[in-house]
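Me: I would like to go through the words used for this protein and ask what stands behind each one. Please set each value against its cut-off.

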Amino acid sequence: MSFLRFSPIFQERVWGGRRLGNVFGRPLPPRIPIGESWEIVDREEAQSVIVEGPRRGLSLREALQADSEFLMGPGYPPARPFPILVKWLDCRERLSLQVHPPAPVACALGGEPKTECWYIVETSGDAALLAGLRRGVRRDVFERALKAGMLDSLVHRIAVDPGDSLFVPSGRLHAIDAGSLILEIQQNSDTTYRVYDWGRMGLDGKPRRMHLEESLRSIDFSDVEPASTHWQPGHQLIAECPLFRIRKRAMDAPGDGIEWAAYEQPRLLHILSGRLKCLNSKVDEGFLVRGHNVLLPYGERCSFEVREAGELLVTDQFHESGGG
């Protein structure tokens, strides 16, 4: 088996575009704005399907039910959803200002907590992230500005370049400005409360639904001017929390070897640039290229050779984090 690669699930979004097709050479559904490609997902409403190897055609859910210990390690319940959701985001326009509920609030509201991390792969124009509140903004000031539709000046703006990243815990007010291609690695959840949408109409020509009561219960008003992580060459810790750890790793030169041992933990690889050849792949080609996101099973030793220098991210330490 060596690794599991899945077919992408494209999501139409009013703020999306066509960049995912142009950058990764993927055929997109015609004439609609594609904002998200769900790369690895195990949810009732969306299931990743394996596209290579002996388990081709199985969904991620079916693969877990068939052999959860091989994929995730001893004691992983077959019925437990895969704990991570991986997406590519094409932010052609600014996203809504939104928040994901912390666990206690999510439970009370019937939603799911959602902590995530954004890694910036490409930018154009005056790319930025909006995250947290500006210093000195109190809740009463925020609520008055929300009613007046004048939130722009209250939200902290972070200019970004390729290679930058931002950790977004549940409760953090956030949005993504126009112009970025982003890899999003997140807790398995799809609960988002929209706070403000900049006066934009939805795909149906009507204002999109806001979730003001839920948002005000979810926002961490003590979260002031968070910082992004800036690009560094080579190896780097991108994010670490009880739900997952993300590290960046260089693929320095063609011919270099990279190996992950079996029986340690499952891992996700996210290819940012360059090209890898899997040396113990059961797949005819076994190549990983820019844009690929794959699962390395717990029970499989995976050996790779760099064929083209580049960079990748490794997500791990998610075995015990559970699903959404």
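Reply: What follows is a set of questions about terms, each answered from the model. The model is predicted, so local features need pLDDT of at least 70 and side-chain atom pairs count only at pLDDT 80 or more, while totals for chains, interfaces and linings use all residues. Residues are numbered from 1 along each chain as its sequence is written, and side-chain values use heavy atoms, with hydrogens and water left out.

Me: Why is Ser 37 called buried?

Reply: Buried means under 20% relative accessible area, exposed means over 50%, and partly exposed lies in between (1.4 Å probe, protein chains only). Ser 37 has a relative accessible area of 0%, so it is buried.

Me: What makes strand β3 largely enclosed?

Reply: Strands (E, at least two residues) and helices (H or I, at least four) are DSSP runs, numbered from the N terminus. Strand β3 covers residues 34–40, and seven of its seven residues are buried, so the rest of the structure largely encloses it. Ser 37 is one of the residues in this strand.

Me: How do you know that β3 pairs with other strands?

Reply: Two strands pair if DSSP finds at least two bridges between them. Strand β2 (residues 9–17) and β3 share five bridges, in the antiparallel sense. Here Glu 12 stands opposite Ile 34 of β3. Between β3 and strand β6 (residues 84–91) there are four bridges, again antiparallel. Glu 36 has Leu 89 in β6 as its bridge partner.

Me: Which residues does Ser 37 contact, leaving aside its neighbours within four places in sequence?

Reply: Contact means heavy atoms within 4.5 Å. With those neighbours set aside, the contacts of Ser 37 are Pro 8, Ile 9, Phe 10, Leu 20, Arg 26, Val 86, Lys 87 and Trp 88.

Me: What makes the pair of Ser 37 and Arg 26 a polar contact?

Reply: A polar contact is a pair of N or O atoms within 3.5 Å; within protein, one must be able to donate a hydrogen and the other to accept it, and residues adjacent in sequence count only if both atoms are side-chain atoms. The side chains of Ser 37 and Arg 26 make such a contact at 3.2 Å.

Me: Why are Lys 87 and Glu 184 called a salt bridge?

Reply: A salt bridge is a side-chain nitrogen of Lys or Arg within 4 Å of a carboxyl oxygen of Asp or Glu. For Lys 87 and Glu 184 the distance is 3.7 Å, N to O. Lys 87 is in strand β6 and Glu 184 in strand β13 (residues 180–187), so the pair ties together parts that are 97 residues apart in sequence. Both Lys 87 and Glu 184 are buried. They also belong to a network of salt bridges with Arg 13, Glu 36, Lys 114 and Glu 116.

Me: How many salt bridges does the structure hold?

Reply: The structure holds 31. Among them is the one between Arg 290 and Glu 122, whose closest N and O atoms are 3.1 Å apart. Glu 305 and Arg 307 meet in another, at 2.8 Å, N to O.

Me: Are Arg 290 and Glu 122 buried, partly exposed or exposed, and what are their values?

Reply: Arg 290 has a relative accessible area of 29%, so it is partly exposed. Glu 122 is at 21%, so it also counts as partly exposed.

Me: How do you know that the buried residues of α4 line one face of the helix?

Reply: The buried residues of helix α4 (residues 139–148) are Phe 142, Ala 145 and Leu 146. Seen down the axis of α4, these fall within an arc of 105°, so they line one face. The arc is that of the directions from the helix axis to the C-beta atoms. On the other side of α4, Arg 144 and Lys 147 are exposed. The cover over the buried residues includes β9 (128–133), β14 (193–196) and α5 (212–218).

Me: Why is Ser 218 called buried?

Reply: Ser 218 has a relative accessible area of 2%, so it is buried. Ser 218 is part of helix α5.
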